[in-house]
Amino acid sequence: MIVKPFMPSPRTLGLHALVARLPSTHPQYQKLQKELKNKEAGDFGEQYITNELQKLQPLSDCHIFHNVILPTILPMQIDILIITPSGIIILEIKNIRGTVHFKSDPRQLIRTTETGEVRTFTHPEIQLEQYIQAMQHFLDAHRITMPLYGAIVFPFNNVDVHREGSGLPIVMGKELPIYIHKLLARKLDFAINDVSHIILSQLQQQKNPFPLCRYYHIEPSVLQRGVYCESCGQFGMLKLKATWFCQKCEHRCKEAHVSALKDFYMLVGDTMTNRECRDFLNVGSPHVTKRLLQRLFLTRSGTGKNTKYNLSLLNGKS
């Protein structure tokens, strides 16, 4: 059972908006495009494994969490956490293509792509050991005694894995059910509902890096203005009386501006004035933008032209 479902990382969402609105001629465009691709690959791998776990009959009564952050003595951001009657399983997902070598002294992961590009990463085993230690501290603090297991998981067979020495399990996506079945065979009958309730009560939110323009030292004035058409992928939808209209594909959408305001929040800042709204949406009338902002029931500060609308709650709006 999925208790905490998959959600894309805030940085992935922000980078998607940034790359879409950044001119392709910008000095950082190629670097950010590559970073977005890597983030999307990581998210896709975690989503795939989460979905596959949900299909496993032996896990139907177990509790699955995606992206777990708990208050511990060590930094923790567990990709997938599974609470089972036989113990707690921590999965570190690595969606990497090419040939990877797990070096043991010093511990490093070296990836070689099909084009011959070589890149060195932190050994996933170091991260996993830290998460297991942090989780053990959390359990001890709440007087919970349960076995802890951990594995590094490569979701797809597009990677050639080489390893020096031994260590924590490295599991391919297709053999994950076998790995989990072996652990579940150790029937210990722990009360998983109580443990899951404690974890849910202590979950912390992932910190976001917004606004990304400040984070990457990009001048907001270079961003593409306008409302994005989800149908044809072009900016510049027109604001009509009751909807937004795309002149290129004739798509209509009443709430198309919400996505643009989310982009502003992720890229520029968490508050917006009416003037900034007009500029970002490419709308001429201050009365129109005032109505758009007020209909979202955003909290406000200031008065008159200095009124600022707080956009931070837009993440909860579809």
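How much of the accessible surface of the protein chain belongs to carbon and sulfur atoms? Show the surface and you're looking at about 17,400 Å², 50% of which comes from those atoms. Keep in mind that this is a predicted model.

Now switch to a cartoon of the whole chain. You'll find nine helices and 16 strands, and the C-alpha trace spans about 65 × 50 × 35 Å along its principal axes. Of the 318 residues, 45% are buried. Take the contacts between residues at least 6 apart in sequence: 60% of them join residues at least 24 apart.

Next, colour by charge. There are 38 positive and 27 negative charges, and their mean positions sit 11 Å apart.

Time to zoom in on a sheet. Select strands E5, E6, E7 and E9: they make an open sheet in the order E7-E6-E5-E9, with mixed pairing. At the edges are E7 (118-122) and E9 (159-163), each pairing on one side only. Ignoring direction, neighbouring strands here are turned by 20° against each other on average.

Stay with this sheet and select residues 98-104 and 107-112. These are E5 and E6, an antiparallel pair joined over six bridges.

For the last stop, select residues 124-141. That's helix H3, which lies across E5, E6, E7 and E9 and runs at about 135° to E6.

Definitions and conventions
Residues are numbered from 1 along each chain as its sequence is written. This is a predicted model: local features need pLDDT of at least 70, side-chain atom pairs count only at pLDDT 80 or more; totals for chains, interfaces and linings use all residues. Side-chain values use heavy atoms; hydrogens and water are left out. Helices (H or I, at least four residues) and strands (E, at least two) are DSSP runs, numbered from the N terminus. Buried means under 20% relative accessible area, exposed over 50%, partly exposed in between (1.4 Å probe, protein chains only). Contact means heavy atoms within 4.5 Å. Accessible areas come from the Shrake-Rupley method with a 1.4 Å probe; for residues, only the protein chains shown count as cover. Lys and Arg count as positive and Asp and Glu as negative; His and the chain ends are not counted. The place of a charge is taken as NZ of Lys, CZ of Arg, CG of Asp or CD of Glu. Two strands pair if DSSP finds at least two bridges between them. Axes are lines fitted to C-alpha atoms, for helices over the stretch in contact, and angles run from 0 to 180 degrees between N-to-C directions.
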